[in-house]
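Q: Hey, can we go through this one together? I'd like to start with the chain as a whole and then look at the strands.

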Amino acid sequence: MLSFSNISKSIDSGLRATFDATWTMVIEMVIAGVCVISLFAILGLVLVLMERKVSAWMQIRLGPNRVGPKGMLQSLADTVKLLVKEGMTPDGADKFLFNLAPFIAIIVAMLLMAPIAFAKDFQLWDMNIGVLYVSAVSSLMVISILMAGWASNNKYSLMGAMRSGAQIVSYELSAGLSILSIVVLTGSLNLNDIILSQANGWWIFKGHIPVMIAFIIFIIAVTAETNRAPFDLAEAESELTAGFHTEYSGMKFALFFLAEYVNVFIVCAIGATLFFGGWMPFHIGHWEGFNQVMDFIPSSVWFFGKTFFLIFLIMWFRWTFPRLRIDQLLNLEWKYLLPISMFNLLLVTAMAILGWYF
Amino acid sequence: MFIVKYIKDVFSGLKSLAVGLRRTLYYFTHHKEIITQQYPDNRETLHLPERFKGEVVMLHDENNEHACTGCTACELACPNATIKIITKFDISPEGKKKKAIDKFVYHLELCTMCNLCIVACPTDAIKMAQTFEHSVYNRADLTKVLNKPGSKIREGVE
Amino acid sequence: MVEEIGRTTEGDVIINVGPQHPATHGVLHLLITINGETIKKVEPHLGFIHRSIEKMCESLSYRQFIYVTSRMDYLSSHINNHACALCLEKGLQIEVPSRAQVIRVLMDELTRIASHELWWGAMAMDLGAFTPFFHAFRERETINDIMEETCGARLTMNYIVPGGVMQDIHPNFQQRVKDFISLYKSKVGEYDELVTGNIIFQNRMKGVGYLSAEDAISFGCTGPTARGSGVTCDIRKLYPYEIYEQLQFDEILETAGDSFARYMVRVREMNQSIRIIEQLIDNIPEGDFQAKTKAVLKLPKGEFYQRVETARGEFGVYIVSEGGTTPYRIKFRSPGFSNLSALDHMARGSKLGDLVAMMGTLDLVIPDIDR
C-alpha cells in the first residue's frame, strides 16, 4: 500500500543499496531538508488562503476568487508580489539584528518540525523527549520577536516586542502545564508513545472532563503563544500599527508571516497529537465494521484532518473576538488559566494514579 | 462564596464567547447570506436609480436639438464654477440676432454632484446621468463640452 | 515640541499616534506621552484636513453653501444640511410644508442610524474584532440604497434646500424603509451576541475613559458622549426643531460615564431612531415638498443661530448677515471638536490599548473636528 512510511522505507533501502552508510545519511538529510522547506512553502500558501476564505465567509464576503480556479492561486500571486518588493532596512536600525530576526523566526519554526509524526511510522526524529523539546524550542520564538522589535529602532516595534515577551513568557506556563497532564496520563515524553497510548481512544474522550479543561487551556495558551487574535497584542494594528514587524517589508516581512502560520500549524499538530491521537484513526468500542472503515483511511489524512480542524478553531477565534488589553492578558493567565491548570493537573494526576480513565 | 463567584465568572465569560462563536459559525456555514457584489462582472445587472447623480449631461432630441437658451442660471447656481457657458449670436432667417450657446463647458473634475444646476435650469435642458465610471488617464478629458457639435436650440424654447 | 521632550521625566516615551494611524480614522495627530504602557498625556494636534470651510462659505450664496457642510461631518451630512436650512428659514421666515418636515426628520433619523452603524463596526474593529464591521455595513448599505434612490447620492446627499427638500420622496421609499426596519430588527440581536455581550469587549470598555457629568459639561461635550455621563443634552428634546415635539421617543441616558456607557447610549439610540421612523413612515402628509422661495435668497441684516442634534452631538450654525446674498461670517459649532478636548482628561493613567477604545467611543470624525 502506498503510504508515507512505505515511501520513506523504500527510499532508504534504495539508497543503502547504492551508497555506504554515511552518504546515505547525508542524502537522506538533504531530502528531509528539502521536504521540510517545501512543506513550509505549501503550508504558507494553503494556510493564508484558508485564513482569507474563513474570514471572508464569517464576514459575509466572498474572499479571494480571481486568481486561479476559485481563487486558489491568490496566495501564490501574493508571494510573487512579496518576492519582488524591496526589503528595506530603516535608517538607524541595527542592520545585523534587523536582518537576522526573520531568519531566527523561520529557523525556530523549522526546528519544531522535527519530532512531529505526520503519519504512521513517518517522523523526522523519533526522540524520547519530544514533548520537552517542543515546549523548549517554541519559547525561542520570542527571541526573534524581541530582536525585530529592538533592532527596528521604532517605538511601536519595541512596544510590540515587549508585549510579546511578557505574553509568551506567561503563557508558556499554562501551555506547559496542560501538556503535562497528558504526559502524566501516558507516562512518556515521547510523542510516538503518546500516540500509541491512544490506540483504544483519544485522550480527549478517555480523560473525562479534566483533559477537556486541559485542552481548552492548551488551545487558549497556544493562541497566545503564536500571537494570534484575540491575543495579537504584539501586532495590534489599531494600537501599534503593526507591532514588531512595522518596519519590515518584502520577503523579510513574508518570513515573519510564514513563521506565524507555520507556528500555528505546529502547535495545532502538537495539540492533535496530544489530545486527538495524532494519526490514530477514530475508533468506537466494539463496532468492528466501523473501525475497519476508519482504519482504511490513511493515517496522514487523519493527522492533517485533525490539525486543520484545530487550525480552523484558532482562525475562528481570530475572526470572532476583540483583542484583550495587556493587563487583562496577564490577568487572564495568572489569575485564571494558571490556577485552573494547576488544579487540573492535580486532578489528572489523581485520575492517573487511581486509573479513572478508560 | 468567593470560589462560587469565581467559577460563575469563568462560566458566564465562556458562555458569552460561545454565543459569539455560534454567530460567526452560522455565517461561515450559510453562504447564502453573502452580500458581496462582484462589481465589474455585474455591469449588465447593475441598475442605478434614475435619480443617481453621476454627471451633468445635456439632453438632445433626434433632430440634434437641445433646450439650452444660454441663460447661465446653472453657471450662477454652481458653487464650484464647474460650468462655463460661452454664448454666440445666431442670425435667424429674418435677419434678427439671437443669443445662443456656442459651448457649454462642463468641468467634471470640479463637480460635486450637488444637483443645484439641474434645479436652477428653467428649461430642463440639462440633467444628471447615471454614469459613474469617470476615471480617465488625462485630466483634460474631464473637461467636456456638453452641446453636441452642430446642435441648435429647439424651436419654441425661450 | 522640543520643550515638550525636555519636560518629560525619566522613562517617558513620546509617541506620535497619527496623522497616519489605523485607530485615528483620519488624519488626526495625537502626541502621547507614555511610561511603559501607561498614558501620561495626550495632546491632539489638528490642522491636517483643514479646508477653511467657514471662510469658503462666505463667498458662496445661501443656496450654495449648504452643500459644503456635507463635507464636514460626512457621516451625518444630511443633518448638517438640515441645520443650515433651518437657520436660513429662521432668517427668511419661510414656512416649511409639513410634508417636507416629515421627510427631513425621516432622513435625519436614517442618517443617524447609518452613522451609528458605521461607528459600531469601526468601534469593534478598533478593539480588534473585524467581523462586526462587515455585519454593520450590511445594514448601513440598505440605508445608503434608500438614500441613493431618493436623494441621488449615498453619502453627501445635498437633499435639503431652504424651504423644503430638493425632490419628492421616491415612490418606493416607504416600502424600502419598512424593509429596512424589518431587516434591522432581525439583525440587531446579533450585535449583542457578537460584541455587546462579549466578555472581552465588556472588560475592554467598562471603567475605561471615565468622564464625570461635571467634566462632560465643562469640556462642552454633547451628544452620546455627554449622555453617557448622565448629562441631558438632546437638542431634539431641549430645543425641539421641526416636528420632534410631536414625536414619541426617549432621550437615552446612561450614568456610568465610562466607554461602555457611551457605547450603550449609541446602541440604544439606534432603537429610538427606529421608533421615530416607525411613527412617521406611514404618516407622511400630502402636500408640497418645498415652499415657494425666491431664486436669490437675501438674509436680512442680523445674526442667526440654529442648533440640531447630529449623530455626534450638538451641531450649531451661526450666520452673521449684512443683508447681502452671501453671509458676512459663518461659524459652525461642531460636536467632535469639543468631544475631542475631553480625551486628554479621560486618557491619563489608562493603558495604550484603552486610548483606542476611548477614541472609538468619542466617535471622532476628523473633517468635523478640523473643518
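Q: OK, how much of chain B is buried?
A: Buried residues are 22% of its 158 residues. Buried here is when 20 or more other C-beta atoms, placed from the backbone, lie within 10 Å of the residue's own.

Q: And what kind of model is this?
A: It's a predicted model, where local features need pLDDT of at least 70, side-chain atom pairs count only at pLDDT 80 or more, and totals for chains, interfaces and linings use all residues. Residues are numbered from 1 along each chain as its sequence is written, while chains are lettered from A and ligands numbered from 1 in the order in which they are written.

Q: What's the span of chain B?
A: Its C-alpha trace covers about 105 × 35 × 30 Å along the principal axes.

Q: Switching topic: how many helices and strands does chain B have?
A: Three helices and seven strands. Those are DSSP runs numbered from the N terminus, with at least four residues (H or I) for a helix and at least two (E) for a strand.

Q: Which way do β3(B) and β4(B) run, parallel or antiparallel?
A: Antiparallel, with nine bridges joining residues 83-91 to residues 97-107. Strands count as paired if DSSP finds at least two bridges between them.

Q: Which residue in β4(B) is the bridge partner of Ile85(B)?
A: That's Phe104(B).

Q: What's between the two strands of that hairpin?
A: Five residues, and Gly95(B) has a positive phi near 90° in this hairpin.

Q: How many bridges join β4(B) to β6(B)?
A: Three, and this pair runs antiparallel, with β6(B) being residues 143-145. In that pairing, Val105(B) has Val145(B) as its bridge partner.

How values were computed:
Buried ≥ 20, exposed ≤ 12 C-beta atoms within 10 Å, placed from the backbone.
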